[in-house]
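Subject: Structure handover

Dear colleague,

Here is the structure I said I would pass on. My notes on what was found in it follow below.

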Amino acid sequence: MDSILVKGNGPLNGTIPIAGAKNACLTLMPATLLSEEPLTLTNAPRLSDIKTMTALLQSLGAEVSSLQGGQVLALSSHDIYNQKADYDIVRKMRASILVLGPLLARFGHAVVSLPGGCAIGARPVDLHLRALEAMGAELELKDGYVHASAPGGLKGGTFEFPIVSVGATENALMAATLAKGTTVLKNAAREPEIVDLAHCLQKMGAQIEGEGTSTITIQGVDRLSGATHPVVTDRIELGTYMLAPAFTGGEVELLGGRIDLVGAFCEKLDAAGIEVTETKKGLKVARRGDRVKAVDVVTEPFPGFPTDLQAQMMALLCTAEGTSVLEEKIFENRFMHAPELIRMGANIEVHGGTATVHGVEHLRGAPVMATDLRASVSLILAGLAAEGETIVSRVYHLDRGYERVEEKLRACGAQIERIEG
Ligand code: UD1
C-alpha cells in the first residue's frame, strides 16, 4: 500500500489547476443509461472512483472510452444487456446506487446490490428507494439486493425528502426524466453537482425546472437523446487547495475556481484571516497574518459549509489562535481524522457530533493513517505546516478523490512524495 511523505517546508507559492468534480462525474456517468444515444463528458477527473463507475457501467453492457488521458469520457448505453449491478463492484463505491434510477426508468426493472456500510457512518439508501416508490416503483429487498420493477413504466409523483440527500435527489431526478407525467421533488438537494446533472439532462432533452432550488419539477418525456457536457469544477478539491497557503503562508492561485461554488467556506476563511480574491483565471488565496484565528463551523447541505471540507478545516484550526468548535451535522462518526491530528500534537476533544479544537502553536510531523478520502488530505495539509516529517499511510483513499495531489502541491514548492509499497 502506498504512503505519502510530507515535510514542512515553509510558504507555498504558485498555481494549481482544479479538476472536474468527482461527485458530479459520478452522477453524470450513470445518466448515460437513460438514452441509447452517446453521452460525452469533458473535463472529467482522473480518479479511481471514476474507474470503478466505468467498470460498473461496462458490466451492464455500456461502452465507456477514456480519451485524452482520461479527461474525456465517451459513453454509450445503446446495447445494455444486463440490469443487475453486482455486489462486487457496488461494495467498492456507494455512488454505484446511482444506476438504480436510470436503469429502472429506461428498462422498467433493475437489480442493484445494497452498498455496504461506510467508514463515515451508516449511510442508508432508504430515501433513494422511497423517492422511486413515489413514482410507482415496486421494490423488494432480497439477498442484499434491491429488486426494482415498474412494469408499466414509472409515473410522475410528488416526493418530499424528510432530510436533504444529494444522492437520493440525483437518483430521483434521473428516474423522473422518463416517468409519465409530472414529478415534483420537494426539499431537494441544491448542490452544484445537482445543477450540473440537471443541465446535462436538459441537453439530453429532459424537461426540468427549479434545479438549484429546493423544489425541482420534472415533466417526463418518452426518450432522451445524446449530449456533450463539461463536468463542473470540483468545489471540494478547490476548497482543499485553497487551504494550502492558509496552512503554510504564501499565495496560491486556483485555476478554474469560482466563489459561487464555495461561498459559505469563503466566509469562514475570511473570519479566520485568509484573503480570497477573484482573478481572471480563478481565485487567489493568501493568509493575512502569521497565524489563523479560531472560527466555529457547522456543516450543512449546500449552500452551507460542506461536510467534505470539515476535516481539512479542522486540520487548519489545530494551529489557530483560540478555540474553535466544529459541529458535524451531515454524517455521524466523521471525526476519525481527530485522533490522527492529535498524534501530530493537536489539542482536540470530540463529544458526539461536536469537536472542540484548542489551537496550539505548531503541529509536529508523525506517522498517521488515512481513514477516509477527506481525512487523508487533511493529514497531508497538516503535514505541510508541521515541524519535521509526516508519513500518511493508506493513501488509496486519497486516490479516489484527488488526482496528482503530489504533483499539484510540489509545483507550489511543497516537499511531498509518494512512497510505493
Ligand atoms: C454525497 C457526496 C459526498 C458528500 C455528501 C453530503 C457523492 C458521490 N457523494 O454523498 O461526498 O459528503 O453528498 O454532501 O456525491 N441519508 C439517509 N438515507 C438515504 C440517503 C442519505 O438517511 O437514503 C442520510 C445520510 O446518511 C446522511 C445524509 O442523509 O446523513 C446526507 O447524505 P447524502 O446527501 O445522501 O450523501 P451522499 O449522496 O451519499
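Leaving out residues up to four places away in sequence, Asp 308 touches Asn 23, Ile 236, Arg 334 and Arg 374, where contact means heavy atoms within 4.5 Å.

Before the rest, some notes on the source. This is a predicted model, in which local features need pLDDT of at least 70 and side-chain atom pairs count only at pLDDT 80 or more, while totals for chains, interfaces and linings use all residues. Residues are numbered from 1 along each chain as its sequence is written, and side-chain values use heavy atoms, with hydrogens and water left out.

Asp 308 sits in the loop between strand S18 (297-298) and helix H10 (310-317). Helices (H or I, at least four residues) and strands (E, at least two) are DSSP runs, numbered from the N terminus. With a relative accessible area of 15%, Asp 308 is buried; the term means under 20%, with exposed over 50% and partly exposed in between (1.4 Å probe, protein chains only).

An N or O atom in the side chain of Asp 308 is 2.6 Å from an oxygen atom of the ligand. For Arg 94, a polar side-chain atom lies 3.2 Å from a ligand oxygen atom, and for Val 125 a polar backbone atom is 3.5 Å from an oxygen atom of the ligand. The ligand taken alone exposes 740 Å², and the protein buries 86% of that; these areas come from the Shrake-Rupley method with a 1.4 Å probe.

Around the ligand there are 19 residues, the closest being Asp 126, Leu 127, Ser 165, Asp 308 and Ile 330. Helix H5 (126-133) and helix H6 (166-176) are the elements that give two or more residues to the shell, and H5 gives the most, with three.

The structure holds three aromatic pairs. Rings of Phe, Tyr and Trp (its six-membered ring) pair if their centres lie within 6.5 Å; planes under 30 degrees apart count as stacked, over 60 as edge-to-face and the rest as tilted. One of the pairs is Phe 159 with Phe 161, edge-to-face at 4.9 Å centre to centre and 85° between the planes. Both Phe 159 and Phe 161 are buried.

The ring centres of Phe 265 and Phe 305 are 5.7 Å apart and the planes are at 55°, so this pair is tilted. Phe 265 is in helix H9 (residues 263-272) and Phe 305 in the loop between S18 and H10, so the pair ties together parts 40 residues apart in sequence. Phe 265 counts as buried at 0% relative accessibility, and Phe 305 is buried at 3%.

In H10 itself, eight of the eight residues are buried, so the helix is largely enclosed by the rest of the structure. Among them are Gln 310, Met 313 and Leu 317.

Gly 61

Gly 61 is in the loop between helix H2 (48-60) and strand S4 (63-67), and counts as buried at 13% relative accessibility. Neighbours within four places aside, Gly 61 is in contact with Asp 79, Ile 80 and Tyr 81.

Regards

Notes. A residue is near a molecule or strand if one of its heavy atoms lies within 4 Å of it. A polar contact is a pair of N or O atoms within 3.5 Å; within protein, one must be able to donate a hydrogen and the other to accept it, and residues adjacent in sequence count only if both atoms are side-chain atoms.
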